[in-house]
Structures are given as structure tokens and as C-alpha cells.
Amino acid sequence: MIARLLRRAGISLIVLAGVLLIGFLMLQVIPADPAVAIAGPQGTDDEIEAIRRHLGLDQPILLQFVWYISRVVTGDMGQSVINNASVSAELLRAAGPTIELMCAAMIWAVPTALALGILAALRRGGIVDRLVMAVSVMGVSVPVFWVGLLMIQFAARTRAFPIQGRGGPLWTAEGLSHILLPATALGLILVGPVARMTRTTLSDALHADHVRTARAKGASELRVVLNHALRTALLPIITLVGLQVGTLMGGAVVTETIFSWPGVGRLAVGSIITGDYPMAQGAIIFLASAFILVNITVDVLNELADPRIGSRS
Amino acid sequence: MKHMTLPDSVMTAPPLLTVENLSVTFRTDSGPLPALDGISLSIRPGETVAVVGESGSGKSVLSLAVMGLLPPTAELTASGLIFDGEDLQAMSKRTRRDLRGRDMAMIFQEPSTALNPVQRIGDQLIEAIRLHEDIPTPKARARAIEALAATGIPSPELRVRAYPHELSGGMRQRALIAMALIHRPRLLIADEPTTALDVTVQAQILDLIRDLARDNGTATLFITHDMGVVAEMADRVAVLYAGRMVETASASDLFESPEHPYTLGLLGSMPQLNQRGAAMLPIAGTVPDLRQMPPGCHFHPRCPFADHRCATQRPDLRPLAGNRRSACHYAPLLETLETRA
Amino acid sequence: MTDATYTGSGSRTWRRLRRNPMVTIALGVLILIALAAIFAPWLTSFDPYETALRQRLKPPSAEHLLGTDSQGRDLLTRLLYGARTTLLIGCAGTAFGALLGGAIGLCAAFYRRLDGVFMRVIDVFLSFPSILFGLSLAAILGPGLDSLIIAVGLSVMPGIARISRGAALSVMAQDYMDSGRSIGLPDRSLLGRYLLANAYPPILTYTTLAFGDAVLLAATLGFLGLGLQPPTAELGSIAAEGRSFLFIAPHVSTAASILIFVIVLSFNLLGDALRDAGDRRAS
């Protein structure tokens, strides 16, 4: 089992290195020379050359990459070319709201989706089942930004909820009312796919031999569903939900932009559009690493939780 | 053979299970699929009845119908489905459920998938115990260990903590047998319990089922396609073909003189009997598509004795001498063969 | 989605599909939109780029069926041209992804030693947020057509790679692969004339269906401002332009969003129907 985990971690490390390489290349191919940018419009050629030496830009590119990695690992991702703020500090400030938004979305969406999926699996072809299938195909087809825009229109008309920005910590009424719309919009992306996966996995589990054994023992239908079918289906479902973090993250980028939520996604989009390359590569590396970390975590949890996997290696 | 040792009281006792004119049809996308057609069968307490047939003959459907475990797409009709004097069809779901696992239990074909993969063996046994008996968990655990020990599982006190994948196929089947027999049910349905096991383990499991059933006074409905297993286990035999019963007789009579060509064929594919000099009679062809049954006798396309009458007229299951029945126009076969010759 | 079996164009599958009214509707809608996008210049007398500031943000009327946008341009015309651009990006991106993914999948099946590594990486790619591809490419190449197409291609690539590998593996199990090898054909002909020629139907089917996701991604990136820049008509950026006037003229964003939704939904409905038909055939 440990060997399997290590192999998986190894692959993830390779991917992470790839992400860093892309981040590094991002800074290499940028149209503006960072030294010129730092020197400012009044900078003389000598000054630019000095900054260039100072930044190590005259060194071989491989060496620069190694330096770059060591800097990123120590948390130094450079400064914004727009306002000179430290990229790491900005990212740390934006990470909280993003995590907050994603958690708020999952907290309502995952249980809702599980419940819908279970109901659909129990009554295949019933009303809930049809509803889940319809909602899920619409959910993966609808542009997230449209959902956001519709909510903003609705909220503006009813003046019920704030539509821009973050209102402070979640335990305040102000904070809660601000997160309500973005969290709803973001969660909606998850409901369809997760409900659908729950439905499929659970209906397979309901036809499993051991579920029939449980019925033959005289277990009640509720017990059969909860203790036997759902219990075996839960692990694959959790794994699949874990893998939806990618979808959620993509949705967060759009949601944050629409609702002016001060998170990493909005930071990434904003910095790309304004040409703030250090900030853009920082945000992208941050999002990609977070995604990879979550995936490894899901893998590890899955390995630990499933008694069957242990013996396989 | 075992039937010789059955006491007379068994032969005269009222039946434990009576199935009368049972039909099961599945609703499918491509129309209704008749799986069982007019099956009648009874089992007396302590008796072992084997239901024999190829796959697709409906023998597993029969076991699920008796257990009340048919999927919702199945439609069941029967003029009688009586267990221990009570009408199973008229029973509430709740009462029927209370019967399952306590008064009638089942062992399945695939021990590797029939156990819950993410639950320890002990917990699955404890669940089975506590579903029908209100005793505290530690006591149930002790019972579980006892029951595992009775099936010959070595160091059962360790095995209760194991997950199914940590046991061998034979041990899993032993655990399933322990689970099925834990409440000393009056009826045990064993659906091909040895098919998925190694040949060496098969005999041990058969012995185990027979011994435990005898000790508990349990009647056994034994579903199999293997005539060797039938010879080993059964007092009486019912042969199914394409959803219908084609012959039923005591095991000794059946092996002595089969009265349906299909039974002859099944015996022909049993290696031990060939050595006795019986003519090798392999069954040609395959079980027909249940949706497109041939007219007349369902077996006639594969039957070496079939003639025009078999192709047009459906034979009823009719009584023959010696408390046996056959659904062949030409039973008793021996007389027919002699007159034809 | 990941391990679905798209069984190509078995005639029974098609017969079952034709009986499904959803399929007819979705196909009809898609053909209609595609034709409208292709023949946009002949369908409308307005120019998609000529601004008329006095005509700004007019609601739908007899002259402008869907009203006008913030620059006074006819919205229906903008949408037709926008659909043109968006569908083109979808096509180019999907084609790029199909070539890349198909090559990876076939090679993974053919050179078994590569399989493990290839598929592990593909697995990571598969769940990777596709918007991150868009963000990265927009950051490296700058927002624009190239980065859009590459990002869309990268996002559809992993799915196609898996399907191709699956299809190729089943072809590899066929006898003619061995006989091809035994007569000493070089890998190149084995891969092309044997493997690809026999494995392509499911790959093609899946590729067509990946088109819905491709369009959605392209439009989303366009909305975020990471795609084509104004005044180019593109559905996502039309929706983004309308965002500034959401409260006085919601029809701009809404119309563009609905059009995107309808296109993507039609593709996904087709995909579901095809998968169901394939599933039922398999069982």
C-alpha cells in the first residue's frame, strides 16, 4: 500500500514540477522584460543591466529555473509589477476567501446531491430520478457565468442579498449574507454531477451479491440500503466527489470574477488581463498545486479507508 | 445414496414448503420474459430436494421466488406458495422479512461477492444474529465464533475480525454457511454453493452442508447443474428445463431409470455414470431463447427421440408408477424404446 | 464520463437513437444553429461591427429582433457571428485535442511500456480544472485565438486519449494485428493502417461529443476576457459585454448565454442518448 501511495505521490510531484516549469516559462516568454519593468520608464540601460545581473537574468536558463524553484519553495514568488505587492502575501490573503467559498458551496451542495442521488437510485425511473438526470445534464451544460448573472439580476431586483464582494468573517450576518449568492451559484455546478454519480454507484451497489445476502438475512430495506449498499458505495462516491474539486475550482474562478469575491481565481484572471505576470504565474501555480494536493489527499484517504485496497499491493 | 437412510416419519410428515403452479415473468425492454412456468414442488422437513437444470432453466429464479427476493421487475403468480402452513403470498412484507434468515435461509453461488466487502466477517454474523434475536453484541459475538467453529474454520476467534478478502473462497463459503444456519432455519436454499470453489474444497463444503442440515433438522432445497452433486446430496430431484419441470422422482429412481430424455442427457454428461456402461448421450444444442420457445415440447429440438407429436403437442407433467412424474409423451421411456425397436 | 463505452456506429445503436425524440430535437437544433452560423452574412442585413451609438441597448423590436447591444449593433447579427467564432474555436480546439489525445491513446496501447506512465499523467490531466489550462495559456501567449484553441485542445485531450487507448486495446487483441506483425510490417503501418483504421469509430464518436465541453470552455474563457478581445463577436465575450448593462438591458447577456446553453445542452443530450444506447446494447 505504501508503495502504491509513493508511486502516486511521485506522479503528482512530476506533475507539480511540470506546473512550476510552466510558471517559469510564463515569466520567460512575457513580452515585457522584468528588469525594464522594475527600472521604470526613467531607467537607463546601465540601471537595467544592473537589475538584470541582480535578478540573475544573465545566467544560463537551467540555473535560473533551479533558482526559481528554490525561490517558489521558500515562498518568494516576486512582486506584482502593478503595485509592487508581494505575490505570496497577496496569494495568502486571497486563499482564505477562496477556501471559504468552496467550502460554503460544498456544504450545501454535496449533501443535497447525495440525497437526490440516493432517492434517484432507490426509485429508478421515478420522478426524482428523472429530475436528477435532467438537472445533471442541464448542470453540466449551463455556463456558470449565466447562473451568476441571473442571480445578480434576481438579487438586485429583490434587494435581498448583497451581490458584490465579501462581507467579512462568516460568523457575522454581513459575511453570511455576502457569501450566500456566490456559494449557491458555485454549489449548483456540483449538484448535478455528484447526484448522478451517487445514483449510478448506488444502483450498482444495490444489485451487488452481498446486498442480496443482507436481504436474505432478513434485514429491513432501510438497513439494506444504508448499512450495506450505501456503505460500499460511499467510498467510490467520496473519491468521485474529491475529484470534482477540479470542477469546483474552475467554477470558483468564474464565480469569484462575477461576484467580485476577493479570492485567488479573481486574482488570477485580473492579473492576466492587466499583464501582471508575476502575480498571474503565482496564482496559477497556487491553484494547480492546491488541486494536486487535494487529489493526493483524496487518494490517501481512499487507500486508508478501504479495507480491500490494503491487500492488493 | 442418502435417501435410503431417511426415516419413515419424514416421508409421511406434512410438507414444510409447498409450491403450486408457480410462474415468474420478468418485464424487460424487449417484452415479457417467462422464467418459470407452472412449477409445483414440495419439501418435507429434513428432506433434501435437488433442483437440476442448465443455466437459464430458471432454477435460481425458483430459489429467489421462495425467499421473496425477486427483483421488482419480476411478476409472480402461483396457486399456492405455502411455508409451514402459512401462505407466503398473503403474508405482509414485514412477516415475510422476519421469516428470512430465521426460518428460511440461503447460501449463494459466489462466496467472493456474497459477503459485504467492507464489513468484518464477525460483524456480518452478528448482524445476522441480532436481526432476529435481541441479545447484546458480546453474546452475539460468542455465538458467531461458535458458529464459525462449527463449520470447521480454524481459529474462528481470529477470523471474526477478518475482512472477506482476507479469507480463501472455501472459508468464505463456510462463513456464509455459518451465517445461513445461525438461527437453525427449517429451510435452507443452497444455490450452486460449490460451483465457484476448487474441486478439492467442493466435497468438504457438500459434507458440511449435509451434516449441519441433518444436525439442525433443516430441509434443503439444493440448486445445481451437477448430477454428481445431486447423487451426493439429494433425496428427491426435480429437473427443470427452460422454465418448466420436466421430471421429478426420488434420487434413486431418477438415477436408476430416468424418464425424460433431458434427464438422460444430464446423466450422460456425468462422468461416473458413463463408466457403468450407460450410453453416452450428450445434449446437442443450447437452451432455447425464453422469449421464442419452440412449439410443442420445449426440448424437442434437442431431443434424440423427438417426432412429429413432440413438435406440435405440449406434454404435461404426468404421474408414472412409483410416485414420480415426467413431462415426456413417451414416458416410460424403456417401454417406448422397446416398442419402437 | 470517464470509462463510458462509445460503441461507434453500430446499426442497432443508431436505430435505437433515432427512436429517441430527444436525439431528433438536439440534432435538429444543432444543425439549425450550425447552418445559421455558417450562412450568417446572408441571413442578416446588419454589420456585426458597425456601431450606431444612437441605437444603443434597444429592446427587441421588429427591426432588431433581439434588440441592440451597447454599441447599437444588432444583437441577433452579433450572436450569429459570435456563434460562428465560438463554434470555430470549438472545432479547432477539439480537432487539436483529438489529434493529440488520439496519438497518445494509440501509442499507449501499441507500446505497452509507455502505457503506465502515459495513463497516470492522463488521469491527472483528466480531472485538472480545464479553466486552469485557459488561464495558463492566456498568461503565456496572451489572451487570444491561439491560447484559446490550445487550452480547449488540452482540456478535451485526456478524455479522447482514454477512449482511444480503450478502442486500440480491443483492436490489439484481434488476430489481424498479430498477422500484420508476423509479416513484418513496420510499426508505422501497423499503427496507421491497422490500429487507427480499425479503432477510429469510437474515437470519432467521443470527439464529436467532447465538442459540447469545448464550446462551454471557449465561451467561459471568452466571458472572463481571456479569449478574443472586443470588438470580435464571440458568444462568451458578448455575454461579458452585456454584464455592464445587466440592469438596464439584460437581454444582451441573457440571449448570448441562452445560445451557449442550448448548443452545449444539445451536445450533452446527444452524448447521453448515445451512451445509453451503447450501454443497453452491451447488456
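A residue counts as buried if 20 or more other C-beta atoms lie within 10 Å of its own, with C-beta atoms placed from the backbone. By that count, buried residues make up 41% of the 313 residues in chain A. The model is a predicted one.

**Chain A overall**
- Chain A has 14 helices and zero strands.
- The C-alpha trace of chain A spans about 85 × 60 × 35 Å along its principal axes.
- Of the contacts in chain A with a separation of 6 or more, 70% join residues 24 or more positions apart.

**Helices H5 and H6 of chain A**
- Helix H5 (residues 87-122) and helix H6 (residues 127-141) of chain A have axes that come within 7 Å and cross at roughly 130°.
- H5(A) is therefore oblique to H6(A).
- The crossing of H5(A) and H6(A) is left-handed.
- H5(A) contributes A:Leu116, A:Gly117, A:Leu119 and A:Ala120 to the contact, while H6(A) contributes A:Val128, A:Asp129 and A:Val132.
- By class, the residues of this contact of H5(A) with H6(A) are five nonpolar, one polar and one charged.

**Where chain A meets chain B**
- In chain A, 18 residues are in contact with 24 residues of chain B.
- On the chain A side, at least two residues each come from helix H9 (209-217), helix H10 (221-243) and helix H14 (307-310).
- H9(A) gives the most to this side, with seven residues.
- The side of chain A that touches chain B holds four nonpolar, seven polar and seven charged residues.

Terms used: Residues are numbered from 1 along each chain as its sequence is written. Chains are lettered from A and ligands numbered from 1 in the order in which they are written. This is a predicted model: local features need pLDDT of at least 70, side-chain atom pairs count only at pLDDT 80 or more; totals for chains, interfaces and linings use all residues. Two residues are in contact if their C-beta atoms, placed from the backbone, lie within 7 Å. Helices (H or I, at least four residues) and strands (E, at least two) are DSSP runs, numbered from the N terminus. Ala, Val, Leu, Ile, Met, Phe, Trp, Tyr, Cys and Pro count as nonpolar, Asp, Glu, Lys and Arg as charged, and the others, Gly among them, as polar. Axes are lines fitted to C-alpha atoms, for helices over the stretch in contact, and angles run from 0 to 180 degrees between N-to-C directions. Angles under 35 degrees count as roughly parallel, over 145 as roughly antiparallel, 65 to 115 as roughly perpendicular and the rest as oblique. A crossing is left-handed if the near helix is turned anticlockwise from the far one by less than a right angle, and right-handed if clockwise. A residue is buried if 20 or more other C-beta atoms lie within 10 Å of its own, exposed if 12 or fewer, and partly exposed in between; C-beta atoms are placed from the backbone.
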